[in-house]
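Please look through the structure shown below, taking the protein chains and the DNA strands in turn.

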Protein chains: 2
Amino acid sequence: MAHQPGTKRGRPGYDQHSMLVVAVEAFNEFGYDATSIGTLAARLGTSKAAIYHHFSSKEELLELALDEALTALEGVLGDEQADEGTASDRLALVVRGAVHVLVNKLPYVTLLLRVRGNSDVERNALERRKNFDRAVTQLLSEARAEGSIRSDLDPSVAERLLFGMINSIVEWYKPKSPEDAARLADDVIAVAFDGLRVPR
Amino acid sequence: MAHQPGTKRGRPGYDQHSMLVVAVEAFNEFGYDATSIGTLAARLGTSKAAIYHHFSSKEELLELALDEALTALEGVLGDEQADEGTASDRLALVVRGAVHVLVNKLPYVTLLLRVRGNSDVERNALERRKNFDRAVTQLLSEARAEGSIRSDLDPSVAERLLFGMINSIVEWYKPKSPEDAARLADDVIAVAFDGLRVPR
DNA sequence: CCTACCGATCGGTAGG
DNA sequence: CCTACCGATCGGTAGG
């Protein structure tokens, strides 16, 4: 910020972040490639040049949006590492944290999960996601060594199925109350750890 | 077919289906929108006009590919309805069948799962997916009424989490042997029904 | 921030 | 007369 907080100078237009919010919405609706800067300008009620005032390229919009999601997800791992509990407890903490990030950063995570690696920005984001998945796989291995996670299945397959379930939330979740998000995290943990079958 | 099977006339080029296979690969690699007919022609080693000989539009390529995935998935429901077992048994049959369709029709299902509804063809495909999901939700309700599925969670949330896990397979599965696909189906059923925790 | 544009490439089609 | 194309180019629109 180059000027005092709270003061407004120049036109009462968009700042970088409020423009990013609209852009990410459009990217999720039409797909990143299919969203032209022209379409975006129309949505914002500005010109294309107005967008290039805040961002140097279409890809910078994508990069900033992906970073928002990845920083939040990586933060969940930071919380976990500080914990003193068993691997199983820390795993539950990561699952709960990831569900909350998905819900709180829904549009950014949605965009992240659709990245395919078609550019350096996308490949970099995929690399950060891979590191996250590796850390969770490691946690699953530890929980398995503890005897709290079933041993008849490969930890990396388990990780993919677990986060396949978690990540799919972006496909259908409609933001409601914070209690709703906590309930969803409980449901995910219940299904992931104990399955759909009635608890025996 | 207008001529005898086995006979070849004209150039030994692509037929509609072999061209579709290459197109679907490209759509999954770059995204449907980001894949131009020109790029496709380059991959095929043909001209754009050669593609338009076999397909009336780019969208017809998408439509035929999506239909291949949807027909296979709908077939799984047909198998289930013929079964005489409990709802729980039929649900397991659908899960196993869906995993096999994902593996056997991997590129087509991958494409289907990335459809966002940006055209009539895409919206029609989403409608057929919704009908599939509705049928599975109904099956989960029946299994719950039977007492075989936990009752502390909404059947439609359960369906979304279950198929979120199943569908995520397209993000990482690399086709290997048929035994491998059967093993994957077993793993999915184990995690979905009994969870990651050690069986008590 | 706007208007006025650029080099290039898009999906699709012509005649042969 | 068929299937399977080619070289060239159309009117519009993309990101910048």
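A salt bridge is a side-chain nitrogen of Lys or Arg within 4 Å of a carboxyl oxygen of Asp or Glu, and between chain A and chain B the count is four salt bridges. In one of them the side chains of Arg116(B) and Glu171(A) meet, with 2.9 Å from N to O. This is a predicted model, in which local features need pLDDT of at least 70 and side-chain atom pairs count only at pLDDT 80 or more, while totals for chains, interfaces and linings use all residues. Residues are numbered from 1 along each chain as its sequence is written, chains are lettered from A and ligands numbered from 1 in the order in which they are written, and side-chain values use heavy atoms, with hydrogens and water left out.

The contact between the two chains (heavy atoms within 4.5 Å) takes 40 residues from chain A and 40 residues from chain B. Together, chain A and chain B bury about 4000 Å², of which 56% is on carbon and sulfur atoms; buried area here is the accessible area, found with a 1.4 Å probe, that two parts lose on being put together, summed over both. The chains also share 20 residue pairs in polar contact, both residues being at pLDDT 80 or more. A polar contact is a pair of N or O atoms within 3.5 Å; within protein, one must be able to donate a hydrogen and the other to accept it, and residues adjacent in sequence count only if both atoms are side-chain atoms.

Which helices of chain A each supply at least two residues of the side that touches chain B? They are helix H1 (16-30), helix H8 (155-167) and helix H9 (178-194), where helices (H or I, at least four residues) and strands (E, at least two) are DSSP runs numbered from the N terminus. The largest share of that side, eight residues, comes from H9(A). By class, the side of chain A that touches chain B divides into 20 nonpolar, seven polar and 13 charged residues, with Ala, Val, Leu, Ile, Met, Phe, Trp, Tyr, Cys and Pro counted as nonpolar, Asp, Glu, Lys and Arg as charged, and the others, Gly among them, as polar.

Sugar and phosphate account for 53% of the atoms of DNA strand C that come within 4 Å of the protein. H3(A) gives the most to the surface near DNA strand C, with four residues.

Definitions and conventions:
Near = heavy atom within 4 Å.
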